[in-house]
Amino acid sequence: MTAEARTDIVVRPVRDVDAEALGRVHATCWHETYDHLISKAALEAVSPRRMAELWTHWAAQGEDYRMHAALVDGEIVGFVGSGPARDDDAPRERELYFIYLLDAYHGTGIGQQLFDAAIDGGEGAYLWVADDNPRAHRFYQRNGFALDGDSHTEPFLGEELTEVRFVR
């Protein structure tokens, strides 16, 4: 996507009415992000409808949660969410839960806009990311995060995914 084509980019808080579109984008992003880490069969079980149901819950969690969507020409192309730390041994009070952007929009600056909507400049935060996701690792490092040496294996779509922790 060229700069000229990006005429109408909006990053705004998620709304209840976004659930269906977010579900579709979320499912697509998981296919694009995890296709080399999770079996095709597991990814095929990801339902845009089920993801939309999750978004109905996530969109209404309260003011401690920052859930934003990125829209290009009125269509959702990515999303981000952060909130209170969920881990007992959390190194920071804020956790970046997720940030996903359709592959077609990588490298456009939209990912940075999403990140900035969920994490204030200089705010301490942490996140978990797939160990084998070098593009995401570089993105977080550019934003002041560093690996802290912690990792874990999580169940993911009936399989396992190794994640590493970044802290800022």
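Contact means heavy atoms within 4.5 Å. Helices (H or I, at least four residues) and strands (E, at least two) are DSSP runs, numbered from the N terminus. The legends describe a predicted model, in which local features need pLDDT of at least 70, side-chain atom pairs count only at pLDDT 80 or more, and totals for chains, interfaces and linings use all residues. Residues are numbered from 1 along each chain as its sequence is written, and side-chain values use heavy atoms, with hydrogens and water left out.

**View A. The open sheet has seven strands in the order 1-2-3-4-5-7-6.** The pairing is mixed; two strands count as paired if DSSP finds at least two bridges between them. Strand 1 (9–13) and strand 6 (146–156) form the edges, each pairing on one side only. On average, neighbouring strands are turned by 25 degrees against each other, direction ignored.

**View B. Strand 3 (residues 75–84) and strand 4 (residues 94–101) are antiparallel partners.** Seven bridges join the pair, and valine 80 stands opposite isoleucine 99 in strand 4. Strands of a sheet pair through backbone hydrogen bonds, either parallel or antiparallel.

**View C. Helix 4 (residues 110–118) lies across strand 1, strand 2 (66–72), strand 3 and strand 4.** Helix 4 runs at about 155 degrees to strand 4; axes are lines fitted to C-alpha atoms, for helices over the stretch in contact, and angles run from 0 to 180 degrees between N-to-C directions. Helix 5 (residues 134–142) also packs on the sheet, where it touches strand 4, strand 5 (126–130) and strand 7 (159–167). The direction of helix 5 makes about 160 degrees with that of strand 5.

**View D. Glycine 81 is found in strand 3.** This glycine is buried, with a relative accessible area of 0%, where buried means under 20% relative accessible area (1.4 Å probe, protein chains only). Glycine 81 and arginine 66 are 15 residues apart in sequence, yet 5.5 Å apart in space, C-alpha to C-alpha. Leaving aside neighbours within four places in sequence, glycine 81 is in contact with Arg66, Met67, Glu95, Leu96, Tyr97 and Phe98.

**View E. Helix 1 packs against helix 3 (residues 48–58) at an angle of about 120 degrees, with their axes 7 Å apart.** Helix 1 is therefore oblique to helix 3, as angles under 35 degrees count as roughly parallel, over 145 as roughly antiparallel, 65 to 115 as roughly perpendicular and the rest as oblique. Residues in the contact include Ala27 and Trp30 of helix 1 and Met51 and Trp55 of helix 3. Among the buried residues of helix 1 are Leu22, Val25 and Cys29.

How values were computed. Buried means under 20% relative accessible area, exposed over 50%, partly exposed in between (1.4 Å probe, protein chains only).
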